[in-house]
Amino acid sequence: MPPGRELDRSSLLEIVSYDLAVDLTGGAETFSSRAEIRFRSCQPGRAAFADLQAAGVRRAVLNGTDIAGAYQPGRLELPQLAAENALTVEAEFGYVPTGAGLCRVSGPDGCACVYSKAYPGGAPRIYCCFDQPGLRAPFTVSVHAPAGWSCMSNGAVVSRPAGAGVWTFATTHPITPYLTSFCAGPFSGAAFTSEHDRLSPVPVSTNSLPTAAAALEAAALPELFRQPLEYYQRSLGLAYPYGKCDFVFVPGYPGLAFGAPGLVTIKEQVLTEPPQRNPSLYLATVIAHELAHAWFGGLIELQPSEDGWLEEAITTYISRTALEATRPGATPWAEPVSLALPDHGYASDAAPIRQLETLIGRQAVLNGLGNLLRDHAHGHVSKDDLVQCWSQAAGRDLRQYAAGTLKPAAKADGQKTP
Ligand SMILES: [Zn+2]
């Protein structure tokens with residue numbers, strides 16, 4: 001049977017690991033990567049495909065056989081899979097000016113930086129992968145960067161070169177390709193830890209280019225990061241899942257921000273061109289929202305086809321709840337305050353969760369979310385899983401209630417965080 005886009009690879013493949021090397025020393029226009037993927041097929045002999053959007057394929061080898069000729073823009077055909085497979089793909093790619101892929105931008109002083117936007121559809125523009133929900137695997141990443149640059153990725157730095165050279169990162173928990181993230185450039189900033197009773201301290205860093213360093217130091221105070229982080233750990237009863245968290249402010253990031261596991265990328269203009277109305281709460285909302293995605297969107301994902309809206313609804317609910325609880329006088333739900341916040345587009349989707357508080361209480365809502373994370377860590381969940389966890393936490397069957405109230409609202413226009 002020929003492979004096709006309709007092929008649900010999550011029922012056919014199990015991805016064991018990615019070993020990924022990205023080389024950023026190829027100049028201002030192009031970069032290259034080498035992806036070594038180990039994966040299993042439950043139907044040996046069957047064909048499948050990998051996702052790849054390259055400018056050129058240098059080498060593609062599946063189980064010792066050259067398959068470079070099987071590349072066409074967007075996909076690499078994989079004929080005759082074995083039970084255990086090894087795929088190596090070396091390819092060149094172009095930096096994208098904006099949008100999904102690897103973006104290289106220059107600041108006003110001419111210094112450049114590189115950042116990725118893997119979601120949605122950007123990962124195959126950076127390396128060969130299986131870019132599909134449900135196909136998670138641990139990533140071991142290295143980045144070859146110019147001298148004077150620092151690099152960040154989902155995992156913590158394991159080794160850094162003295163000058164130009166290769167940065168290596170700790171192997172991640174299982175994540176999907178669209179949750180992978182990289183930033184590299186002449187960044188500087190601050191580092192601190194967030195402490196919590198009986199949990200390991202979480203190292204946090206804030207980073208920007210030199211041109212935004214003063215704005216970063218003035219606005220991005222450590223408590224903006226510590227307060228929501230400690231609130232989530234306490235209220236969900238669950239440690240921050242990814243060991244460390246780096247925040248990087250970069251020029252022109254499309255879509256405002258993205259909270260990947262261990263690495264949050266935020267548009268620099270949030271610092272340098274803050275909104276006139278309530279800029280402190282605006283920045284605090286961006287940080288709290290993206291941090292919450294470490295649990296909702298990172299540690300677990302909602303089934304994207306039907307229940308994906310719940311991911312932003314839960315994230316908005318819990319991040320605004322954290323702001324309300326930790327910032328005296330903050331009223332993120334009150335109009336017109338809500339209207340001026342970057343997550344306003346999701347507020348109406350979050351409303352049914354707030355409504356649930358009036359029925360079972362806030363603590364039961366939070367306990368149910370904590371149970372969902374514990375029961376399904378590093379996997380996908382459905383609305384039914386969520387309602388089951390809320391029912392257990394509340395000690396009552398909420399299925400009928402949820403069927404009537406837990407629905408996406410009609411979409412309003414507005415600036416959204418992803
Ligand atoms: Zn979001």
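Which residues lie nearest the centre of the second largest pocket? In this predicted model, local features require pLDDT of at least 70 and side-chain atom pairs count only at pLDDT 80 or more, while totals for chains, interfaces and linings use all residues. Residues are numbered from 1 along each chain as its sequence is written, and side-chain values use heavy atoms, with hydrogens and water left out.

The second largest pocket is lined by 17 residues, and Met152, Val157, Arg160, Ser205 and Asp246 are those nearest its centre. A pocket is an open set of points on a 1 Å grid over the protein atoms alone, with protein on both sides within 12 Å along at least five of seven lines; lining residues have an atom within 4 Å of a point. Two or more lining residues come from each of β12 (150-153), β14 (165-169) and β17 (199-208), and β17 provides the largest share, four residues. Strands (E, at least two residues) and helices (H or I, at least four) are DSSP runs numbered from the N terminus. The volume of this pocket is about 270 Å³, a volume being the space filled by probe spheres set on grid points joined across faces, edges and corners.

The largest pocket holds about 400 Å³ of space. Among its 20 lining residues, Tyr119, Tyr178, Glu301, Glu311 and Glu312 are the closest to the centre. Its lining draws two or more residues from each of β19 (257-260), β21 (300-302) and α5.

Helix α5 (residues 309-326) also packs against helix α7 (residues 362-375), at an angle of about 130 degrees and with the axes 12 Å apart. Axes are lines fitted to C-alpha atoms over the stretch in contact, and angles run from 0 to 180 degrees between N-to-C directions. Helix α5 is therefore oblique to α7, where angles under 35 degrees count as roughly parallel, over 145 as roughly antiparallel, 65 to 115 as roughly perpendicular and the rest as oblique. In this contact (heavy atoms within 4.5 Å), Ile314, Tyr317, Ile318, Thr321 and Glu324 of α5 meet Arg362, Val365, Leu366 and Leu369 of α7.

Helix α2 (residues 222-236) packs on α5 at about 110 degrees, with an axis separation of 10 Å; the two helices are therefore roughly perpendicular to each other. From α2, the residues involved are Gln227, Pro228, Tyr231, Tyr232, Ser235 and Leu236, which meet Ile318, Ser319, Thr321, Ala322, Ala325 and Thr326 in α5.

Definitions and conventions. On a 1 Å grid over the protein atoms alone, a cavity is a set of points where a 1.4 Å probe fits but cannot get out, and a pocket is an open set with protein on both sides within 12 Å along at least five of seven lines; lining residues have an atom within 4 Å of a point.
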